[in-house]
Amino acid sequence: MKTHPATNATHPLDNFFYPKSLLIIGVSVKRINLGKIILINNVNIGFKGTIFAVGSEAGEVQGVTVYTSVAEVPETPDVAIIITPAPTIPDIMVQCGEKGITHIVIESGGFTEYSQDNKSLEREVLDIARRYGMRIIGPNCIGTINVEHNLIMPFALVQGGIPAGSLSIVSQSGGVGDTYMRIANENHIFFNKFIAVGNKLDLDEVDFMEYLIQDTTTTSIFMYLEGINRGRAFFDTAMKSDKPIIVQKSNRSPMSSRIAQSHTAALSADDEVVGSMLHQAAVVRVKSEDELIIAAKALQLPMMKGRRLAVLSRSGGHAVITVDACAKYGFELVEFPESFLEKIRTLYNTRIIAHQNPLDLGEIFDYTIFTKILEATLELDNIDGIVFNHVYQSSYEAQMSRTFLDGVHQMVKRSGKPVAVTLISDGDEILDIQKNHPFPTFNNPLQAITALWGLLYYRQRKDLRNNRGMPPEFPINLNLVESIKKHCKEEKRIPLTSEALEVCRAAGITPVRHAVLGSDETPEDLKMIFPVAVKLLSRNASHKSDVGGVKLNIDSSGGIIDAIAEIKNSVKAMAMPAAVDGFMIQEMAPRGEEFFVGARQDPVFGPIVIAGFGGIFIEVLKDRAIRLAPITEAEAEDMLRQLRMFPLLAGVRGKPALDIEALVGMLCRVSHLITTVPTISEMDLNPIIVHPRGMGLSVVDARVFFF
Ligand code: ADP
Ligand code: MG
């Protein structure tokens, strides 16, 4: 195995990045073909190792001997790239296996991405790999690039050397990865390692995320993904990353999804789960290459420690635009202290523009004053970051501007605070600075603010993630859950509301007091406190109100009898009458806000928990939060704070604050239940009525589904 040059440590995937020897299989001696381009590229950029080649014809290309079989290669290469027609690959894999080659990159297409009929071909390739203990990248990919090692596996012709940076990329698509690298270079963002994972027959994005997290020369990671197969492993790995991870997950290929059995499943589209998972793991999600560039530039700046901003602007109009952007992201424009304003007055005198935040620099044309003001602003304790709107004409100020940016770069390094400079000048000037100047600049105030917000978001998410604590555990009466499940399975039906509430009780969630009546029983001696609710229990009507199966505020025994009769009539009137399995007489809960807590086993990510306000809000406003379970108390509270309607819980306009603590506990319990009992496929508590602080919750309805 290879030794990592920087750390001396080894990793099982090192040979894909630091091979001492590289074998390219599929090199034509006479024609130009893809294998030959790979060979030429590596010779040209000076691959730091030995290159071998195999092709159908013996000969020589660029001083490299081409053999006609793997067996003839004089030593065992650390890694082999195969780029020959798909049907030839199993045989070549066997040759590689016999040779003792452990790391294989299959760049050829023509596998399952071409036709599902080729599944057996992929299977065969994987079987051979397992037999010989080989690891595979691909098929249908462009392999890896390691700028540090002058290793370049893609088959597009490369001219000249590639500058080394510290951003590493994992891409499911070679094409997207390739264009993004180019766009990044145009923005003076350079990368360190690149991996195209292709069809992910063996190794996938999780393996390479893990690799890059431990890779000493990578400081941040970008991943372009179309699907995530091992969702839970992805999450667990991302949760441990100390390096920023940026993900673009496109939605074109929908992930495997099950037929929605209940409300919960229908409400949480897979992409929403992906987004929530990334949010929970402190991964920054971008939706386009533009957003990626902004994020990657932001990461070249120091972290934002809080939301207090200063805006310095060479144009008043741009200051106003910046203030709007600040408002959009919730930044605070703090007041400048008097001592600072005094200092500013010694630097320049203004007749028409007031000294305030945003500070309008429109009257100044002296770059040394800009620098001094910026320096003084960076020194302010109550400022976490600065936006500087740099508006100028290149014909006068091109050189001064570059010197100024160098100075800003140094100041930022010294102060440890970010300055987002917006470059508002003529087109050629902007392109030139963006491409060639090492200090990141942004095209407009919104981009600059987005960048600073990204830094703050990352820091806050990571702090929360790192300090989340341990998910609390609760005793669960597993026998009770199992017996309910068994009973329902025997009768081939879903649990009734009363049984679903029993499952809750088994997990320590106490529902509002109720009694159950058989379908023809009359209420006697109920020992209930009026008023009560009367509800239909039916194996095929889990949404009771929809079939006229809920009567509220009944205040006498006679009322109960009437309510039951009415419900029976409504059911009879149905086109396909629902079964009447009985009735639930339930005490009315005190007033409060109706809340929704759900959970389910996601096919990609495993157990998840969902929170939102009940009723129409969850359906119409889609105001809900999702996390992978089990969650901690800090995560549960974070879920609640994420809701747009959170102020309702915190108390608004004379309304009392509600029992957030009880809700946090409830979320933890449900998340623990769904994690501990994997036979529960989905469940929801809807509504949970939330009472004022200290008064707790009332669980009045639940649904549970078993696999
Ligand atoms: P379903 O959701 O199957 O239609 P629910 O049991 O959730 O039936 O009842 C419908 C609505 O009636 C609830 O959303 C809630 O507003 C109200 N409700 C039900 N039971 C009670 C109760 N015990 N106390 C107060 N309100 C209740
Ligand atoms: Mg309900």
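## Buried threonine, ligand site and magnesium site

Thr84 counts as buried, because its relative accessibility is 13%; the cut-offs are under 20% relative accessible area for buried, over 50% for exposed and partly exposed in between (1.4 Å probe, protein chains only). This is a predicted model: local features need pLDDT of at least 70, side-chain atom pairs count only at pLDDT 80 or more, and totals for chains, interfaces and linings use all residues. Residues are numbered from 1 along each chain as its sequence is written, chains are lettered from A and ligands numbered from 1 in the order in which they are written, and side-chain values use heavy atoms, with hydrogens and water left out.

**Thr84.** The residue sits in the loop between strand E5 (79-82) and helix H2 (89-99). Helices (H or I, at least four residues) and strands (E, at least two) are DSSP runs, numbered from the N terminus. Leaving aside residues up to four places away in sequence, Thr84 touches Ile25, Gly26, Ile89, Ile92 and Ser108. Contact means heavy atoms within 4.5 Å. The side chains of Thr84 and Thr88 make a polar contact at 2.7 Å. A polar contact is a pair of N or O atoms within 3.5 Å; within protein, one must be able to donate a hydrogen and the other to accept it, and residues adjacent in sequence count only if both atoms are side-chain atoms.

**The sheet.** Four strands form an open antiparallel sheet, ordered E21-E24-E22-E23. Strands pair if DSSP finds at least two bridges between them. E21 and E24 (residues 582-587) share four bridges. Ala515 has Ile585 in E24 as its bridge partner. Helix H18 (residues 557-572) packs on the sheet and touches E21, E22, E23 and E24.

**Ligand 1.** Of the 17 residues around ligand 1, Lys535, Lys544, Ser545, Ala589 and Glu594 come nearest; near means a heavy atom within 4 Å.

| Residue (backbone) | Ligand 1 atom | Distance |
|---|---|---|
| Lys544 | oxygen | 2.7 Å |
| Glu587 | nitrogen | 2.9 Å |
| Ala589 | nitrogen | 2.9 Å |

**Magnesium.** Asn686 (O) and Asp701 (OD) coordinate the magnesium ion (ligand 2) at 2.2 Å. Asn686 lies in strand E28 (residues 680-690) and Asp701 in the loop between strand E29 (697-699) and strand E30 (702-706), so the pair ties together parts 15 residues apart in sequence. Both Asn686 and Asp701 are buried. Donors are N, O and S atoms within 2.8 Å of the metal (3.2 Å for Na, K and Ca); water is not among the atoms, so sites may look incomplete.

Key
Axes are lines fitted to C-alpha atoms, for helices over the stretch in contact, and angles run from 0 to 180 degrees between N-to-C directions.
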